[in-house]
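Thank you all for making the time this morning.

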Amino acid sequence: MEKIVSLCKRRGFIFQSSEIYGGLNGCWDYGPLGVELKRNLKNYWWRVMVHERDDIVGMDGSILMNRAVWKASGHEDTFTDPMVDCRSCKARLRADQLIDKKGIKQCPVCGGKDLTTPRAFNLMFKTYVGATEDESSLTYLRPETAQAIFVQFKNVLEVSRKKLPFGIAQIGKAFRNEINPRNFTFRSREFEQMELEYFCRADEGMQWLDYWKEERLKFYENIGIARDNLHALTVPDEERAFYSKGTYDIEYDFPFGRQELEGVAYRTDYDLSQHQKASGKSLEYFDEETKQRFVPHVVEPSAGVDRTVLALICEAYSEDEAPDEKGKMETRIVLRFHPRIAPIKCAVFPLLKNKEPLVAKAKEIVALLRPHMYVFYDETGAIGRRYRRQDEIGTPFGVTVDFETLGEKDPALRDTVTLRDRDSMKQERVPVKDLPGILLSRVS
């Protein structure tokens, strides 16, 4: 993890928020490469979950909502973690972080046994809406995106004219005042979620729960995470939310241990029923075939964007040996991102920066590719060094413009370039005019 954290800062993936002021624990900023990786992940999720299906539509709910939403959902009263303080080292911990040695709870930081009794700590950030800061204007930064979907269920149903089963998808920020943020970006106070609420009939709930577990596992494989590093844990009855009839945790083998990437939960009709009761507004579905009205049940696949980005970086990180310009073997750091989520898809290099025809041709190729993908141009340093820099940030393909491209050595090779593959380091000669099609077929 130390190597990965160092790489993330050095190459502009992730920075500590407010770093010049000492940072803010549990908050992170994504740099030029990190924001591209994150955007590619979200775009692919949206493509798979919304654009490639006819039973799911999207929405984008507000971060701030009426306080009554959080009262009805139960968050105001029950969205808490038990918190414990260590009197020896002053560490503040979640109760489930304590170490149990021979039946005695100990602090994981100092090993101390002088601990306070657990007390409830509400994880929601409070804020005020309007000019006065009193109880009447109190609300919260949302701790999840799901509730916006539930309270807009009827509106989305009416405008989309969907029939059960159908889903509403959303990507957005959520906020939790975590007692102890840790493991880099894995547990943060500000984070992003990719959530789907898939509405169905009560007798189909368990069937859709298993369906979505398999679909989500496929998704992670399709963005480059090995199936061997993914695990679908069946959450036992005593650990599930009281309203859930079944939950799977999709877990990943991080360097710091196996941890949850996504939860797939069958939430029954709890949420819609709670909001219907509290608001007095009908959230029922009318089945035109049976002429019945009922509150749909829902299956929720809820994934963490930041956790998945971290998993992608951990999965991609690799070190191997490669020859330098003089043929001497050296350690090469490579991020082996799947091309579809790599921040930069292709780098273009003129062989020499002081040969104007090479530079001009390379810039022509950049202009040719830019409408199709994110391209990086680099003319500084030896060509081998430029390859290494791109390998370290996960760029899957490199294009080198050389004297053959200009037709100076072999007229038959005019307007061809060297296309290099990051993982195999193999090179092939391809016509410039074919480059967009070749690269698009490999990065989609």
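This is a predicted model: local features need pLDDT of at least 70, side-chain atom pairs count only at pLDDT 80 or more; totals for chains, interfaces and linings use all residues.

Let me start with Asp402, which touches Leu351, Leu358, Thr418 and Arg429 when residues up to four places away in sequence are not counted, a contact being heavy atoms within 4.5 Å. Residues are numbered from 1 along each chain as its sequence is written, and side-chain values use heavy atoms, with hydrogens and water left out.

Asp402 sits in the loop between strand S23 (397-401) and strand S24 (416-421), where helices (H or I, at least four residues) and strands (E, at least two) are DSSP runs numbered from the N terminus. Is Asp402 buried or exposed? With a relative accessible area of 9%, Asp402 is buried, the cut-offs being under 20% for buried, over 50% for exposed and partly exposed in between, with a 1.4 Å probe and protein chains only. Its side chain makes a polar contact with the side chain of Arg429 at 2.7 Å, and a polar atom of the Asp402 side chain also lies 3.2 Å from the backbone nitrogen of Glu404. By polar contact I mean a pair of N or O atoms within 3.5 Å; within protein, one must be able to donate a hydrogen and the other to accept it, and residues adjacent in sequence count only if both atoms are side-chain atoms.

The peptide bond from Leu164 to Pro165 is cis, with omega near -5°, and Pro165 is placed in the loop between helix H6 (153-160) and strand S11 (166-175).

Which residues touch the most other members of the largest nonpolar core? Among its 55 residues, they are Phe13, Trp212, Tyr220, Ile313 and Phe337, a nonpolar core being a set of buried Ala, Val, Leu, Ile, Met, Phe, Trp, Tyr and Cys residues joined through side-chain atoms within 4.5 Å. Helix H9 (residues 305-316) gives the most to this core, with eight residues. Leaving aside residues up to four places away in sequence, Ile313 touches Ile4, Cys8, Phe13, Ile14, Leu37, Leu335 and Phe337. Apart from that core lies another, of 26 residues, including Met65, Ala146, Phe166 and Leu283.

Turning to charged pairs, a search of the whole structure finds 39 salt bridges, each defined as a side-chain nitrogen of Lys or Arg within 4 Å of a carboxyl oxygen of Asp or Glu. In one of them, the side chains of Asp114 and Arg87 meet at 2.9 Å, N to O. Asp114 lies in the loop between strand S7 (104-106) and strand S8 (119-122) and Arg87 in the loop between strand S4 (80-85) and strand S5 (92-94), so the pair ties together parts that are 27 residues apart in sequence. Asp253 and Arg258 also meet in a salt bridge, at 2.9 Å, N to O. Salt bridges that share partners join Asp320, Arg332, Arg336, Asp391, Arg420, Arg422 and Asp423 into one network.

Let me finish with the chain as a whole. Its secondary structure comes to 12 helices and 25 strands, and its C-alpha atoms fill a box of roughly 80 × 65 × 50 Å, taken along the principal axes. Of the 444 residues, 51% count as buried, and among contacts with a separation of 6 or more, residues 24 or more positions apart account for 64%.
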